[in-house]
Amino acid sequence: MTTLCPETTQFLSAQPLKMFIGGRWTDSLSGAAFETRDPGTGSVIARVSAGDAADVERAIQAAGEAFRKSGWATLPANDRGVILHRLADLIDKHQKIIVEIESLDEGKPRAQAAGFDVPHAAKTFRYYADLAMHTRRREPIAVSGFEARTVLVPYGVCGFIFPWNFPFLLVGWGIAPALAAGNTVVIKPAEDTPLSTLYFAKLAEEAGVPAGVINVVTGLGETAGAALARHPGLKHMSFTGSPEVGRQIGEACGRNLVPAKLELGGKGAAVVFEDVEVDKVAEALVGAVTLNAGQVCCTATRWLVQKKICNQFVQKAVAAFSGMRIGYGASPETQIGPVVSQKQRARVLGYLDKGVKEGAKLLLEGGTAVVQGHEAGYYVKPALLTGGPGNVCAREEIFGPVAYLMTFDEEQEAIDLVNGSAYGLANSVWSSDLDRANRVAEQLTAGNSWINAHNLFAHGIPYGGCNLSGCGGGVLGVDTFWDYLRAQSIARPLV
């Protein structure tokens, strides 16, 4: 374990780390705990309380009582906004600690957590707090013979199950609109990366969020996560993760007729036309596919390059990959940290083996990386493959620093290759001809199409998916705020 600031060390010193339910820090009722490990060294960071169905029940009850009695749901939006802005300020104030925890628990370079994850989470709370202040909750309805209106009210208890790739950021993206709308929340973080969510709960307590409004139940997916998804006390559910688990969450929620927002995986494509600056685009896409060691659902993992520039593009991409520094997340020089677990490294390496067996050619071999001084960490070298669209590495989400290259001649061929995927999260088009870029971007099946860039996330621009990549609404946009308010009509006859 690397050197940590005293505040981080103090936070991690209580063993096992407790859950946060009803404004209290508590052990699991069973007394069980699990270990979370540093992906960069393989060593245990902390023991964490392992919640199960009984603890989820406590959290649902606490959130329900807070919704009914704490006043959070009925506070004027300005007053809720004051508390959420205070929470965002505390995130900024304690950024160093959060970055250390996030890098330690998830493996990502500290610079990435400090440059985007943590500040963007704080901005998300401010964005939705401000949006709520400027939203009209009552709208008259012009109907002959009636005095009528629509009132927007919060749902109540909202459940959230988050993945391990962006633990802190996704808490912000997920719960900020729900809280700003007046709901209460129960959070189940990933068992691989629960630490920054627990620290977030500490900041929420300090910010003055009423007891029971935010609850965190740590535990395994098959116990705590499953219990949360199937609980009839939920009024709204949000899950971010794989399509396989998303189906299970959707089925469980469907049995209780609970609306579910499912943010699932992706197999993003980058369409690169021959009129681009090859060096810049190759470097940009190498940066995209190695961000967070490739553990980004929307990143560009399929590269569709026009044949005329393919050889030049491959040379530049391989050179850029080879120059990336793989290392421990706390090291300032690190550009690619470890993947999150031994299981995830085995998954990435397994896909490389399967892809080659199915006929893919390795343009850059990839494989296990060894970092001096951290030999037990879960490091993976970036890889670049090429082959046909039917290869398993072209079809399935690998979730590692692996790109799959295909070529095309004509515009329509590229569009067909992109849309042949069962996913539909995010793609990009790269061309100096903006008419063509816009035309192609509109024809790609996805929730998001970017032009001459990839992995763009701005507040106010909706980000979501379709097909295997999800349903039920996205994040970051105005519509996400509306997702956490239900409409209720009120009418009085005038005769």
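This is a predicted model: local features need pLDDT of at least 70, side-chain atom pairs count only at pLDDT 80 or more; totals for chains, interfaces and linings use all residues.

1. Let me start with Pro16, which sits in the loop between α1 (6–13) and β1 (19–21). The peptide bond that leads from Gln15 into Pro16 is cis, and its omega is near -5°.

2. On the overall architecture: the protein has 16 helices and 22 strands. Its radius of gyration is 23 Å, close to the 23 Å that the globule rule gives for 495 residues, so the protein is as compact as a globular protein of that length. Taken along the principal axes, the C-alpha atoms fill a box of roughly 75 × 60 × 40 Å.

3. How much of the protein is buried? Buried residues make up 57% of the 495 residues. As for contacts with a separation of 6 or more, 74% of them are accounted for by residues 24 or more positions apart.

4. Asn452 is in the loop between β20 (448–451) and β21 (470–471), and its phi is near 55°, a positive value in a residue other than glycine. Asn455 lies in the loop between β20 and β21 as well, with a positive phi of about 65° although it is not a glycine.

5. Are these asparagines buried or exposed? Asn452 has 35% relative accessibility and therefore counts as partly exposed. Asn455 has a relative accessible area of 14%, which means that Asn455 is buried; the cut-off for buried is under 20%.

6. Moving to strand β3 (residues 33–37), please find Thr36 there. Thr36 counts as buried because its relative accessibility is 1%. Leaving aside residues up to four places away in sequence, Thr36 touches Ser43, Val44, Ile45, Ala46, Val48, Asp105, Glu191, Asp192, Pro194 and Leu195.

7. Ile45, one of the residues that Thr36 touches, is found in strand β4 (residues 44–49). With a relative accessible area of 9%, Ile45 is buried. Another residue on the Thr36 list, Asp105, is 60 residues from Ile45 along the chain, with 7.6 Å separating their C-alpha atoms.

8. Which residues does Gly329 touch? Gly329 lies in the loop between α11 (310–322) and α12 (342–357) and counts as buried at 3% relative accessibility. Not counting residues up to four places away in sequence, Gly329 touches Ser103, Gly107, Lys108, Pro109 and Arg110. Gly329 and Gly107 are 222 residues apart along the chain, yet their C-alpha atoms are separated by 5.5 Å.

9. From α5, the contact is made by Phe116, Asp117, Val118, His120, Ala121, Thr124, Phe125, Tyr128, Ala129 and Ala132. From α6, Phe168, Leu169, Gly172, Trp173, Ile175, Ala176, Pro177, Leu179 and Ala180 take part. The residues of this contact divide into 15 nonpolar, three polar and one charged.

10. Helices α3 (residues 77–93) and α7 (residues 195–207) have axes that come within 9 Å and cross at roughly 130°, which makes α3 oblique to α7. The crossing in which α3 passes α7 is right-handed. On the α3 side the contact is made by Ile83, Arg86, Leu87, Leu90 and Ile91, and on the α7 side by Phe200, Leu203, Ala204, Glu206 and Ala207. Eight residues of this contact are nonpolar, none are polar and two are charged.

11. Finally, consider helix α8 (residues 221–229), in which Ala224, Gly225, Ala227, Leu228 and Ala229 are buried.

Note on methods
Residues are numbered from 1 along each chain as its sequence is written. Side-chain values use heavy atoms; hydrogens and water are left out. Buried means under 20% relative accessible area, exposed over 50%, partly exposed in between (1.4 Å probe, protein chains only). Helices (H or I, at least four residues) and strands (E, at least two) are DSSP runs, numbered from the N terminus. Axes are lines fitted to C-alpha atoms, for helices over the stretch in contact, and angles run from 0 to 180 degrees between N-to-C directions. Angles under 35 degrees count as roughly parallel, over 145 as roughly antiparallel, 65 to 115 as roughly perpendicular and the rest as oblique. A crossing is left-handed if the near helix is turned anticlockwise from the far one by less than a right angle, and right-handed if clockwise. Contact means heavy atoms within 4.5 Å. Ala, Val, Leu, Ile, Met, Phe, Trp, Tyr, Cys and Pro count as nonpolar, Asp, Glu, Lys and Arg as charged, and the others, Gly among them, as polar. The radius of gyration is taken over C-alpha atoms; the globule rule is 2.2 Å times the number of residues to the power 0.38.
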